[in-house]
Amino acid sequence: MAAQSPRIRVRPGPRGLLLPLLLSAAAWPLGWAQGDEFRPGQWGAAAEGAAGAARGRRYLLYDVNPPEGFNLRRDVYIRVASLVKTLLRSEEWVLVLPPWGRLYHWQSPDIHQVRIPWAEFFDLPSLARNIPVIEYEQFMAESGGPFIEQVYVLQSYAEGWKEGTWEEKIDQRPCIDQLLYSRDKHEYYRGWFWGYEETRGLSVSCLSVQGSASIVAPVLLKNTSARSVMLDRAENLLHDHYGGKEYWDTRRSMVFAKHLRVVGDDFRSKYLNSTDAADKTIYHEDWTKMKVKLGTSLGGPYLAVHLRRKDFVWGHREDVPSLQGAVKTIRSLMETHKLDRVFVATDAVRKECEELKKLLPEMVRFEPTWEELELYKDGGIAIIDQWICAHARVFIGTSVSTFSFRIHEEREILGLDPKTTYNRFCGDQEQQCEQPTHWKIAY
């Protein structure tokens with residue numbers, strides 16, 4: 001069900017500084033200059049025509065707290081997309097997709113995993129059917145170089161939330177934490193910027209925010225004339241309408257890149273006797289035309305498992321089972337649903353994987369070669385795992401794991417019976433094992 005929006009009180013700070021910059025379009029060279037000549041718009045004459053169609057539109061960029069994982073970041077995209085839709089009612093905006101890289105869970109050695117464009121993982125035309133999007137390097141080409149005019153760091157209120165009536169509000173405030181940006185000798189701000197060391201921020205300030213994503217819209221529309229605006233720590237924004245049609249439109253638009261889906265489909269066919277035709281999981285490439293009644297899809301003849309380990313185990317979560325406890329649940333589900341195949345997606349260390357294989361010798365996993373890992377990267381391997389799990393007859397995941405949440409959503413989109421989707425492992429000593437909430441898809 002869609003959450004109701006509370007009353008919004010917008011209290012914008014002082015009017016943003018008007019930056020007298022002529023950021024003309026530029027084709028940017030592969031090797032950026034790093035010396036004294038580095039300045040906004042310096043390549044403008046090289047590609048005046050390339051950005052002609054883009055002149056006049058504004059660019060929204062964002063980033064997320066570095067420790068946050070791949071699947072939480074996908075959720076933040078949905079929140080920011082709601083903000084873009086609000087902005088589009090007043091002006092022409094385009095969302096610049098933040099390049100992927102340097103995530104905590106991406107730990108494969110000797111593989112370059114920074115500056116990864118979204119097209120490596122998602123289908124851009126599908127995203128664009130929902131909101132205007134471009135990759136970061138296209139932004140640099142259109143806007144005149146690697147410069148972001150205004151960076152807003154989003155933060156909570158120093159005084160915290162006072163109990164009582166919930167109130168949405170936003171204010172320009174002094175920065176609470178030390179900024180992860182530093183000024184260079186030219187007075188530009190340097191920071192992580194998704195691994196693009198050549199990127200510079202021209203102005204950085206902090207906004208205390210308490211509320212849904214679209215509360216930022218008045219600030220962007222009225223308090224700054226910057227053509228490019230970045231929202232750092234965008235996870236501080238809440239959903240405008242969690243679980244409603246707008247949420248699901250954006251979620252449905254996040255179609256996995258076709259080359260990853262093909263790898264997953266080939267694996268299903270080869271090792272799990274699973275095909276879309278036999279499983280009644282026919283997929284439409286245009287997500288706007290795909291509306292499947294829940295329960296009409298069957299799923300492949302296998303059980304899919306997401307068994308989260310590592311930090312979930314290290315944190316001594318009571319709702320995470322032992323390997324023996326997990327295998328006991330798996331065997332019970334296989335017997336109940338008369339399935340003789342089980343696919344396992346897990347982040348378990350090698351020793352635990354070996355133990356799991358001894359306890360459950362019939363299990364299969366997608367284990368990429370080094371060449372496949374280098375090609376698809378850790379993010380792509382995760383998507384392949386999720387795609388295979390999404391097509392199973394029955395799925396069981398890990399409590400409060402965003403990896404499992406995203407599988408729930410994929411299965412909802414595919415039209416599988418919710419009873420076969422919203423299941424999770426229970427801890428060995430867990431007294432009350434509450435199962436995941438069913439968030440019904442809305443069209």
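Reader: Is C389 buried or exposed?

Author: This is a predicted model, where local features need pLDDT of at least 70, side-chain atom pairs count only at pLDDT 80 or more, and totals for chains, interfaces and linings use all residues. Residues are numbered from 1 along each chain as its sequence is written, and side-chain values use heavy atoms, with hydrogens and water left out. Buried means under 20% relative accessible area, exposed over 50%, and partly exposed in between (1.4 Å probe, protein chains only). C389 has a relative accessible area of 0%, so the residue is buried.

Reader: Is C353 buried or exposed?

Author: The relative accessible area of C353 is 11%. Buried means under 20%. So C353 is buried.

Reader: How many disulfides are there?

Author: A disulfide is a pair of cysteine sulfur atoms within 2.5 Å. C175 and C206 form one, with sulfur atoms 2.0 Å apart. C426 and C433 form another, at 1.8 Å. The count comes to two.

Reader: What is the handedness of the disulfide of C175 and C206?

Author: The pair links distant parts of the chain, 31 residues apart. C175 sits in the loop between β6 (169-173) and β7 (182-183), and C206 in strand β10 (204-210); strands are DSSP runs of E of at least two residues, helices runs of H or I of at least four, numbered from the N terminus. The torsion about the S-S bond is about 100°, so this disulfide is right-handed.

Reader: What is the handedness of the link of C426 and C433?

Author: C426 is partly exposed at 30% relative accessibility. C433 is partly exposed too, at 24%. The torsion about their S-S bond is -85°. The link is left-handed.

Reader: Now the pockets. Which element gives the largest share of the lining of the largest pocket?

Author: On a 1 Å grid over the protein atoms alone, a pocket is an open set of points where a 1.4 Å probe fits, with protein on both sides within 12 Å along at least five of seven lines; lining residues have an atom within 4 Å of a point. The largest pocket has 45 of them, with K310, T346, D347, A348 and R365 nearest its centre. Elements giving two or more residues include α1 (70-88), β13 (342-346) and α11 (370-390). The largest share, six residues, comes from α11.

Reader: What is the volume of the largest pocket?

Author: Domain 1 (55-159 + 167-236) and domain 2 (256-420) each give at least three lining residues; the bounds come from an automatic or database domain assignment. A volume is the space filled by probe spheres set on the grid points, which are joined across faces, edges and corners. For the largest pocket that is about 1400 Å³.

Reader: Which element supplies the largest share of the lining of the second largest pocket?

Author: This pocket holds about 420 Å³. Its lining has 24 residues, with V153, Q178, L180, D232 and R233 nearest the centre. β5 (150-155) and β11 (228-232) each supply at least two. The largest share, three residues, comes from β5.
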